[in-house]
Amino acid sequence: MAALIGTKMVSDSRTAREIFEAVMANPARKKFGFGSKLAIVNVDFQQAYTRIDKFVTAYETDPHQIDYVNRISALARSRGMPVIWTRVAYKADAGDAGVWGTRTDTPDSLQNIKYGSERHAFDDRCDITPDDLQYTKRMPSAFFETPLASYLIWHKVDTVVVTGGSTSGCVRATAVDALSHGYRTIVPIETCADKHESYHFANLTDLQLKYADVEPVQAVIDWLEAR
């Protein structure tokens, strides 16, 4: 029998966190790196997903997540770099939710986040300024049918920093689309959240291996402070 050149799917007893830590410990993996100008894209910091004291759809990973996001957003603003905040909502009959809104229909379902509702509202812990770009999206990616792509082009951005939730959902979708649009893409670990550590770390691993630089948030802070 000829020796195998490719890889059969690996199955072992390591957790998603352990696999992530092993991947991150590899010093040989080349990074995309930062370019010359970044934008901070803060994905879905709305109460439906951040207020674990109010909504069953909310989740928390790092309790200081929003503090980190506020810090890097403030640093970016002070250096003339764009800050963007997205959130999700649908019209009263949910007719704009598409097939994504067909799996369930309960008060907590995605398509029942209505414009102007408590679930639609940004978390008031977020430091959002009038000059930040804010918009409501309908689908996972912050790029899909939104003003984001043209906004980044106008501001001559070459690097996109993606924060928010969920790591396995809208953060991942946004990061993949950022790379697909030609941007160097950074995902700061402490600024992302998900409902289960398995989803969180499995998706951070996949992003690191394929689509983005997954970095400690301090790497973004250091880069911005050096500008």
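Biologist: Why does Phe 45 count as buried?

Modeller: This is a predicted model, and the values are computed from it. Buried means under 20% relative accessible area. Phe 45 has 1% relative accessibility, so Phe 45 counts as buried.

Biologist: What makes Phe 45 and Trp 85 an edge-to-face pair?

Modeller: Rings pair if their centres lie within 6.5 Å, and planes over 60 degrees apart count as edge-to-face. For Phe 45 and Trp 85 the values are 6.0 Å centre to centre and 75° between the planes.

Biologist: Why is Trp 85 called buried?

Modeller: Trp 85 is at 0% relative accessibility, and the cut-off is under 20%, so Trp 85 counts as buried.

Biologist: Which parts does the pair of Phe 45 and Trp 85 tie together?

Modeller: Phe 45 is in the loop between strand 1 and helix 2 (47-50), while Trp 85 belongs to strand 2 (residues 83-88), so the pair ties together parts that are 40 residues apart in sequence. Ring pairs also link Phe 45 and Trp 85 with Phe 122 into a cluster.

Biologist: How many aromatic pairs does the structure hold?

Modeller: The structure holds six aromatic pairs. One of them is stacked: the rings of Phe 34 and Trp 223.

Biologist: Why is the pair of Phe 34 and Trp 223 called stacked?

Modeller: Planes under 30 degrees apart count as stacked. The planes of Phe 34 and Trp 223 are at 10°, with the ring centres 5.0 Å apart, so the pair is stacked. Phe 34 lies in the loop between helix 1 and strand 1 (38-43), and Trp 223 in helix 7 (residues 217-225), so the pair ties together parts that are 189 residues apart in sequence.

Biologist: Is Phe 34 buried or partly exposed?

Modeller: Phe 34 has a relative accessible area of 22%, so Phe 34 is partly exposed.

Biologist: How do you know that the buried residues of helix 1 line one face?

Modeller: In helix 1 (residues 16-24), the buried residues are Ala 16, Phe 20 and Val 23. Seen down the helix axis, they fall within an arc of 65°, so they line one face of the helix. An α-helix has 3.6 residues a turn, so residues three or four places apart point the same way. The buried residues of helix 1 pack against helix 6 (197-211) and strand 7 (213-215).

Key
Residues numbered from 1 in each chain as written. Predicted model: local features only at pLDDT ≥ 70, side-chain atom pairs only at ≥ 80, totals over all residues. Heavy atoms only, no water. Buried < 20%, exposed > 50% of the residue type's maximum accessible area, 1.4 Å probe, protein only. Helix = DSSP H or I, 4+ residues; strand = E, 2+ residues; numbered from the N terminus. Arc of directions from axis to C-beta. Contact = heavy atoms within 4.5 Å.
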